[in-house]
Amino acid sequence: TELLDKIDEMVAGHGGWHFTTETYQEMEERIRKRKEEEKKQRDEEREKKREREIREKEEIMRKIDELNMECKERKRKNENLKQRDEDREREITDLTQRFEKRERETEEEKRKEVERDRERDEQLKEKDEKREREIADLKQRLWEREREVDQLRGECEEKEVESEEEMKKKYRERERERECGGGA
C-alpha cells in the first residue's frame, strides 16, 4: 500500500503522466542531447576561450617582441651615442692638448721675444752709453783742441805783436842808420 501511494503520488506529481520505456528512452535521448549540446557549448566556449587566450598570448608575445626590438634598438642607439660621446671626448681631449701645447709654445715664443727685446734694449743702451762716452770724449778733446787753438792764437798774436814790434824796431833802426848813414 505504501508503494502504491508513492506511485500515485509520483504520477500526480508528473501531471498525471506516467513513464513507459519508450517515453523514458525519449527523455533519456533528450537529456543526452541536451547534455551533448551543453558539452558542445562548453567545448566551443572553452575553444573560443582557448583561442582568445592564444590570441592574447600571441599579442603579448608580439608586444614583447616589439619591446625587445625597441630595447635592442635603444641599446644600439645608446651604444652609438656612447661611442659618439667617447669619440667627442677623445676629440675634446686631443683639441685641449693641442691648444695647451700651442699656448705653451706661444708663451715660450713670447718669453724668448721678451728676452730678445731685453737683450736688444741692453745692447742699444750699451751702444748709447758708449756713444755718449765717445761724444763726451770728443767734446773733451774738442774743448782741449779749442784751448790749444786759443793758446796757439794767443801765442801767435803775441808773436805777431812781438814780430811787429821787432819789425818796427828794425825799421826804426834802419831808418836811424839811414839817417845817420845818410848824414855822415
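Arg 62, with a relative accessibility of 38%, counts as partly exposed, a class that lies between buried (under 20% relative accessible area) and exposed (over 50%), computed with a 1.4 Å probe and protein chains only. The model is predicted, so local features need a pLDDT of at least 70 and side-chain atom pairs count only at pLDDT 80 or more, whereas totals for chains, interfaces and linings use all residues. Residues are numbered from 1 along each chain as its sequence is written, and side-chain values use heavy atoms, with hydrogens and water left out.

The partner of Arg 62 is Glu 59, and their side chains meet in a salt bridge with an N to O distance of 2.2 Å; the term requires a side-chain nitrogen of Lys or Arg within 4 Å of a carboxyl oxygen of Asp or Glu. Glu 59 is also partly exposed, at 33% relative accessibility. Both residues belong to helix α2, where three residues, or about one turn of the helix, lie between their positions.

## Overall form

The protein contains two helices and zero strands, assigned as DSSP runs of H or I (at least four residues) and of E (at least two), numbered from the N terminus. Helix α2 takes in residues 21-183, and Glu 165 is found within this helix. Between Asp 137 and Asp 5, which are 132 residues apart along the chain, the C-alpha atoms are separated by 173 Å.

Of the 184 residues in the protein, buried ones make up 0%. The protein exposes about 18,600 Å², of which carbon and sulfur atoms supply 49%.

## Further salt bridges

The structure holds 18 salt bridges. One of them joins Asp 137 to Arg 141, with the closest N and O atoms 3.6 Å apart. These two residues are separated by about one helical turn because they lie four residues apart in helix α2. Asp 137 is partly exposed with a relative accessible area of 39%, and Arg 141 is likewise partly exposed, with 44%.

The side chains of Asp 150 and Arg 153 also meet in a salt bridge, at 3.6 Å from N to O. Because Asp 150 and Arg 153 are three residues apart in helix α2, about one helical turn separates them. Asp 150 has a relative accessible area of 46% and is partly exposed, as is Arg 153 with 48%.

## Charge on the surface

A patch of negative charge on the surface gathers Glu 155, Glu 157, Glu 158, Glu 160, Glu 162 and Glu 165; its members have over 30% relative accessible area and no salt bridge, with like charges joined within 9 Å. For the protein as a whole, the mean positions of the 55 positive and 65 negative charges are 3 Å apart, where Lys and Arg count as positive and Asp and Glu as negative, without His and the chain ends.

How values were computed: Patch = residues over 30% accessible without salt bridge, like charges linked within 9 Å, V, L, I, M, F, W, Y side chains within 5 Å. Areas by Shrake-Rupley, 256 points an atom, 1.4 Å probe, with all protein chains shown as cover. Charge placed at Lys NZ, Arg CZ, Asp CG, Glu CD.
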